[in-house]
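Work through the exercises below with the model open. Each task is followed by a stepwise solution.

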Amino acid sequence: MAAAPKFDEVTEISIEWCGQAMDEIADNIDVLDFYDREAVRSKVLQALDDKIPQWFVHYDHGSEYVMWGDDEEPIIDLSNLDRLAGMHVYCLNCLSGKGLGAHAVSKGVLEYWGYVDSVAFTTDALEEFGEAFNYGIIMAVTEGKWLKDVVEDTRQHGYDIADKLREEGKIFAAATLVRDMNILHVHYEGGPEPPEPECRMSRLIKNLFGWNGLWLLRMLRQKLLGSERARNL
Amino acid sequence: MVTLDDELDEEVLEVLRQQPEKNSDGTPWKLKLGRQYLTKGDILDKWDNDKDLRRDVRKLLLGLKLHLLGRR
């Protein structure tokens, strides 16, 4: 299942990347896509009620604890992260690899591919960025592997593309792609522990009650204060 | 006195000045960085007063330099 909103200049680009990735894997699995206005919480959750997919893909604006939908409301956040239990999750969005990713495994997600900072790109190399961003899901699905098993190949492939861009004189594109590859992370059971929370209180709660204790606190905060609307990608 | 930061900024600015304003298809070159989606002109306009942007762009290019050292 793939969800990709389209409501600004950036999502107009990333929805294309998502479509290209889904086309590449469509011979290997059935793809159920929610593009543009379809990419909203109610429709995605309804589909998850009907059928539990192996893969969940989200391309676009994210923040630490949210995958944003086309209506600028969360599709997935801390309160419904457990709906992705049992799935391989692949995100091209800002920051969700840091927040949602850290809680994903304790919520039953098999593995969570995401970026632990803001994703960046330049418009002089959109094809190359698309290739790098899509590489992991295409490799994993077409070769029947887990994301954790293709992440280093993906990173190296991204670095190779960056080297080519640099040779072509596209310095900013190269630098941006290197940065993106550096902030790519896969969370999975038995994998490296997510980084300790920066906030001292969060760290204490995590150490006392584990990631699920911290998830409860963060979810309550999200319920009380709402999710941060200022999105990144 | 010229600091290391000043020198680095000058180097980054030089790379930025060399960046074509338009892509090969004639569309404006843009950099998506954090919450911003900036043309070359936007970056140059903001350069003197936007400390965060300066830091982020500087980090980008430093990251490439470190990457190249690691690839050798």
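**Exercise 1.** Find how many bridges join E9(A) to strand E1 of chain B, and state whether they run parallel or antiparallel.

Solution. Strands (E, at least two residues) and helices (H or I, at least four) are DSSP runs, numbered from the N terminus. E9(A) and E1(B), residues 30-33, are joined by 2 bridges and run antiparallel. Two strands pair if DSSP finds at least two bridges between them. Now locate Phe121(A): opposite stands Lys32(B) in E1(B).

This is a predicted model: local features need pLDDT of at least 70, side-chain atom pairs count only at pLDDT 80 or more, and totals for chains, interfaces and linings use all residues. Residues are numbered from 1 along each chain as its sequence is written, while chains are lettered from A and ligands numbered from 1 in the order written.

**Exercise 2.** Which element gives the most to the side of chain A that touches chain B?

Solution. Start with contacts (C-beta atoms, placed from the backbone, within 7 Å). 20 residues of chain A contact 17 residues of chain B. On the chain A side, H1, E9 (121-122) and H6 (171-182) each supply at least two residues. H6(A) gives the most, with 8 residues.

**Exercise 3.** Give the strand order of the open sheet in chain A, and name its edge strands.

Solution. The 6 strands follow the order E2-E1-E3-E7-E8-E10, with mixed pairing. E2 (33-35) and E10 (184-188) are the edges, each pairing on one side only. Inspect one pair: E1(A), residues 2-4, and E3(A), residues 55-59, run parallel and share 2 bridges. Ala3(A) stands opposite His58(A) there.

Technical notes: Contact = placed C-beta atoms within 7 Å.
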